[in-house]
Amino acid sequence: MNKDLIRQGLAKFLIGVIVVMLIVFLPAGTFAYANGWLFMALLFIPMLIMGTVMLRKEPELLKKRLDSKEKESEQKEVVALSGIMFLAGFITAGLNFRFGWLMLPKWAVIIGAVLFLLSYAMYAEVMRENAYLSRTIEVQENQEVVSTGLYGIVRHPMYSATVMMFLSIPIILGSLISFVIFLIYPIIIAKRFKNEEKVLEQGLKGYTEYKQKVKHRLIPFIW
């Protein structure tokens, strides 16, 4: 078992836990923010399970997922915009709880939690289907077009999963105001996959034909 990969994965996991705790509970001004703890559990428990499975069965894919250094300048801009959106959304959710501006009802939070877990399941299926999946925009050596499973329905099922996941986050945190902020994400992700498709058309054999076969990018029959 790759000890360096384990250390790298654990380090990023622990840093993620600390960062999320800070941006969730610091604006809330208290640890007595039940929605925040629910989100932490929904985010990090499946992440730990998925990471462990990938470490044992697909270590190379895990390594790709841990590599987050974008090479495309346009993608660096997308990452920066996403970071600003997340920071604004989480801070607003915490302040929303602290000052009691407009908390969503429990039934909405439950729906948000279910959608979040469904998006995690979809995300896991995409990683199972596509061994070339990485966090950066690139064409890998010997890469082939994946056109089966979810990729036979939409061209970017991973982004479909992340859109559903990220839009469910403010609902779990109970903040309608944050939800409005997170609505920016589909616009940001559209910029990302527009550039990604340009890179894939230029460097991946058969991708142009795949685009003609699978018409929709994120949502079947809609987008």
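At what angle do the axes of helix α5 and helix α6 cross, and within what distance do they come? In this predicted model, the axes come within 8 Å and cross at roughly 155°. Angles over 145 degrees count as roughly antiparallel, so α5 and α6 are roughly antiparallel to each other. Their crossing is left-handed.

On the α5 side, the contact is made by A108, V109, G112, A113, L115, F116, L118, S119, Y120, M122, Y123 and V126. Helix α6 brings P157, M158, S160, A161, T162, M164, M165, S168, I169, I171 and I172. By class, this contact of α5 with α6 has 18 nonpolar, five polar and no charged residues.

Helix α5 also packs with helix α2. Here the angle is about 15° and the axes are 11 Å apart. Helices α2 and α5 are therefore roughly parallel to each other. This crossing is right-handed. From α2, the contact residues are N35, L38, F39, L42, L43, P46, M47, M50 and M54. From α5, they are V109, A113, F116, L117, Y120, Y123, A124 and M127. The contact of α2 with α5 divides into 16 nonpolar, one polar and no charged residues.

| Helix pair | Axis angle | Axis distance |
|---|---|---|
| α5 (residues 106–129) and α6 (residues 157–172) | roughly 155° | within 8 Å |
| α2 (residues 34–57) and α5 | about 15° | 11 Å |

Helix α8 covers residues 185–203. At 1.5 Å a residue, its 19 residues should span 27 Å, and this agrees with the end C-alpha atoms, which are 27 Å apart. Buried residues in α8 are Y185, P186, I188, I189, R192, F193, N195, E196, E197, V199 and L200.

Technical notes:
Residues numbered from 1 in each chain as written. Predicted model: local features only at pLDDT ≥ 70, side-chain atom pairs only at ≥ 80, totals over all residues. Heavy atoms only, no water. Axes fitted to C-alpha atoms, helices over the stretch in contact; angles between N-to-C directions. Helix = DSSP H or I, 4+ residues; strand = E, 2+ residues; numbered from the N terminus. Parallel < 35°, antiparallel > 145°, perpendicular 65-115°, else oblique. Left-handed = near helix turned anticlockwise from the far one by under 90°. Contact = heavy atoms within 4.5 Å. Nonpolar A, V, L, I, M, F, W, Y, C, P; charged D, E, K, R; others polar. Expected span 1.5 Å × (residues − 1). Buried < 20%, exposed > 50% of the residue type's maximum accessible area, 1.4 Å probe, protein only.
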